[in-house]
There are 2 protein chains.
Amino acid sequence: MRRADPLSSTFAALADPTRRAILARLALGELSVNELAKPFKMSGPAVSKHLKVLERAGLISRGRAAQRRPCRLAPAGLKSIDDWLAGYRRLWADRLDRLDYLSALQAKPGKAVSGSPKPPRSTKG
Amino acid sequence: MRRADPLSSTFAALADPTRRAILARLALGELSVNELAKPFKMSGPAVSKHLKVLERAGLISRGRAAQRRPCRLAPAGLKSIDDWLAGYRRLWADRLDRLDYLSALQAKPGKAVSGSPKPPRSTKG
């Protein structure tokens, strides 16, 4: 894998259903590689490979206990995605508001729309 | 590119800084391929390739006007990422609360922590 910027690595790590399933299990608590491997019917090395991708992406961390090295969710990676999304979140809220508004206008042609739905909020500010 | 599940396609499409930069520009308004290509110093075909990935991932849509076919942001793709993140958001809020709580405990050894910071919220419910 080519060396990517951190955010690209995080998105790339999440572009795999097995890795997302691993995160979903770790959301419930820390697990060893063997514990993680069981329900996936995957070999230890196959799981380890996925874990390395997740660790490099800042999505999990590994314990230091020599034998078990439990995996746990590292919120930093998910937080970076959330921070990136934040700039867009208002955009689709506005878009949905506007669609509500337009469909209300179409439902009552020639009539001013009063009360809810509200007019679209400004995307500025 | 192998055919992936929709969420994996969306994450994969976002794992590229040029494609994220395209989305950032489209967040300001719709643009033609030529308009999009300009600041990137990329060829039209190179931009078109990125646009196809974004379109397949549900992140942009293209107008039907034969000559211009303007691109616009499609909130559905970003919304699917946001919905996926929602399950984890509480988790890292809890984790950060807990870290605040622990550091407050360490700052005042042997003393009960009163007032803020609050004890960690339950992850259940």
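A polar contact here is a pair of N or O atoms within 3.5 Å; within protein, one must be able to donate a hydrogen and the other to accept it, and residues adjacent in sequence count only if both atoms are side-chain atoms. With that in hand, look at B:S43, which caps the N-terminal end of α4(B): a side-chain oxygen sits 3.1 Å from the backbone nitrogen of B:A46.

This is a predicted model, where local features need pLDDT of at least 70 and side-chain atom pairs count only at pLDDT 80 or more, while totals for chains, interfaces and linings use all residues. Residues are numbered from 1 along each chain as its sequence is written, chains are lettered from A in the order in which they are written, and side-chain values use heavy atoms, leaving out hydrogens and water.

Helices (H or I, at least four residues) are DSSP runs, numbered from the N terminus. Helix α4(B) covers residues 44-56, and B:G58, with a positive phi near 75°, follows α4(B). Its residues sort by relative accessible area (1.4 Å probe, protein chains only), buried being under 20% and exposed over 50%:

| Class in α4(B) | Residues |
|---|---|
| Buried (under 20%) | B:V47, B:H50, B:L51, B:V53, B:L54 |
| Exposed (over 50%) | B:P45, B:K49, B:K52, B:R56 |

Seen down the axis of α4(B), the buried residues fall within an arc of 160° (taken from the directions from the axis to the C-beta atoms), so they line one face of the helix.

Now the chain pairing. B:R89 forms a salt bridge (a side-chain nitrogen of Lys or Arg within 4 Å of a carboxyl oxygen of Asp or Glu) with A:D82, the closest N and O atoms being 2.9 Å apart. The count between chain A and chain B is 4 salt bridges.

Terms used: Helix = DSSP H or I, 4+ residues; strand = E, 2+ residues; numbered from the N terminus. Expected span 1.5 Å × (residues − 1).
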